[in-house]
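Thanks for coming, everyone. Please have a look at the structure on the screen, and then I will talk you through a few parts of it.

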Amino acid sequence: MTTRRAILRPALLALLLLAGASAVVGAAQNVPLRAAASKPAVEAAAKEIHPAFLTPREKSGAYVFLGWTWLSIGVLLNFLRLKVREADRVFLTGLYGIAKGGKKPPEHP
Amino acid sequence: MKKLRTWLNDRLGLEALSRFGMAKEVPQHSHTIWYYTGSSILFFLGIQIVTGVMLALYFNPTIKDANASVARIMTEIPLGWIIRSIHSWSATFMIAVVLIHLLSIAFTKAYRAPREATWMSGVLLLCVSLAFGFTGYLLPWDDLSLAATKVGTDIPKAIPVVGTWVTSLLRGGEDVTGDTISRFFIVHVCVLPLVIFAILGIHLFLVQRHGMSLPLKAEARGEKTPSLPFWPNFTLRETGVWLVLLGILLTVAVLLAPSLGPAANLMAPAPAGIKPEWYFLFMFQTLKLFPARILGINGELVAVAVMAAGFFLVLILPFLDNRPAERKGRIITGVAYAVFAYTIAMTIWSLL
Amino acid sequence: MKLRDSLFTRRVFLNGLLGGGLAAFAATFIGPLVRFVFPPYREPDEVKLASADYRDLPPNEVKGFAWGNKPGLIKRAADGSLAAFVAVCTHLDCNVSYLPADRKFYCACHKGWYDENGTNIAGPPPSPLRRLAVSLDGESLVIKKQG
């Protein structure tokens, strides 16, 4: 269990960083293309405007970003779960707030 | 790092804040899930502020440029349509969670003494949220938003004596014109934020002052309900909820972005199939059904009177339901379910 | 100090005097502030249109014009006479359209119907469309408030 986690966590973290980096790079590459693709708004204002990706690259970039978001959320939720378990344990053992001089630990029965 | 913290603490007294967070307790029971709705509203409010400021960088609140500037946001500005989509969807989610928050409190009767003032400030916050939605709906200035605003601002006209006055206060004149856009814009981005922060401050202060409410059953048992500290145990769980909400919001915003209709024309007839925002649909359907005259009285006046009475009853609900555990309380619960069912039914009907 | 027959003390009286004075002073500002919020607008007494634009209007057809900030419709009846309406629904202020095939005015907001004379016949509208007086003055068509 512990060894598996020891491998899993850095691996997930690395994946997260990699995906994030690729999304950022993809977004950065979009900039010149997008400027070229923009059209005068006045021309389009006469009819209904449907939302659309300006370039194919932006489209794939957005979907990669969405995937990255959900992946990060999944990983972060896992981290949160670990942290919640620890915080609850600290509270249930009565050690909560001792560092701040709040509560006293319970007497051993 | 530690030095900086001590320095800050000596100046600002942050210790008190963390002591407060540790002392605040969140009870754990079968209705604990509703406690998360409050912070979810704050989350969406934060998103609204960020995306709202971004949209305002390019938006022009004038009759000539309002629609064109939104068109520019959607076609020229990098990722503009996504930002607009997030703002629009986050508004929808915020109102939805506000309604869930209100219903959960109504049906667990968490408004009972001493929390009446908390409930009333919450009802006012609902009104402010709806006002945000109503003023924001006009700003893209397309034919649908013009028609919805004409109807919405015309409803107060039915009020005796002051009605016409209220309508021209809202519109900036007898008709919806360019003055209405400027007015709605400044109310949307300045007046309402100030109001919502003031009332929200009072609301949150009252929530802290009275602590979390317990369900009737748990309170009747009298024993102490198990609880967790707000910081860090509950805050960590809330962070998880926020992350999931963020994911859902972004996904929906990218996949189902709103489009923009042609610029509104003050002289053109109303387009077919106009509909207000979904949270006003039940009123819209009710207005459609009301005949022109009811017992010789103007139908609109009756509709306005019913709506005003309904709002007032919701506002003073804690005082009506002052014996929640007894027969009176159960009758009020029944009525609340009936009203809820009516609203749902009317909303579905208007979508058919 | 309290006089024997006085209803309240000097302190309460002074508090009331000051508080009331401040409130009255503040109240005098409300009027000017409220006046600022309402821009001046007057409905036009009459609108002049070039009659040439409407000469070829076939019977049972309408053509729009601007009645101040509101849309107006000029309609030619079967007998050739012209009638002018303020094309705003009397229910909740939506702009109405004329459907020549049905010979009716229609409001899309809440499904309100008026017949070809502007009389409300179905749906929520409580009263007929507002009519305006049409007269010919040389080369111009003069639209005036009725009555």
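When I say helix or strand, I mean a DSSP run, H or I of at least four residues for helices and E of at least two for strands, numbered from the N terminus. This is a predicted model, in which local features need pLDDT of at least 70 and side-chain atom pairs count only at pLDDT 80 or more, while totals for chains, interfaces and linings use all residues. Residues are numbered from 1 along each chain as its sequence is written, and chains are lettered from A and ligands numbered from 1 in the order in which they are written.

Let me begin with chain B, and with its cis peptide bonds. One joins Ala113(B) and Pro114(B), with omega about 5°, and Pro114(B) sits in the loop between H5 and helix H6 (116–138) of chain B. Another joins Trp231(B) and Pro232(B), with omega about 0°, and here the proline, Pro232(B), is part of helix H11 of chain B.

Within chain A, confidence is lowest in helix H2 (residues 41–44), at a mean of 40, and highest in helix H3 (residues 56–92), at 91.

Finally, chain C, which has two helices and 10 strands. Its radius of gyration, taken over C-alpha atoms, is 27 Å, well over the 15 Å that the globule rule (2.2 Å times the number of residues to the power 0.38) gives for 147 residues, so chain C is more spread out than a compact globule. Buried residues, those with 20 or more other C-beta atoms within 10 Å of their own, make up 24% of the chain.

In the loop between strand S5 (97–99) and strand S6 (104–107) of chain C, Arg103(C) has a positive phi of about 55° although it is not a glycine.

Notes:
A residue is buried if 20 or more other C-beta atoms lie within 10 Å of its own, exposed if 12 or fewer, and partly exposed in between; C-beta atoms are placed from the backbone. pLDDT is the predictor's confidence in each residue, from 0 to 100.
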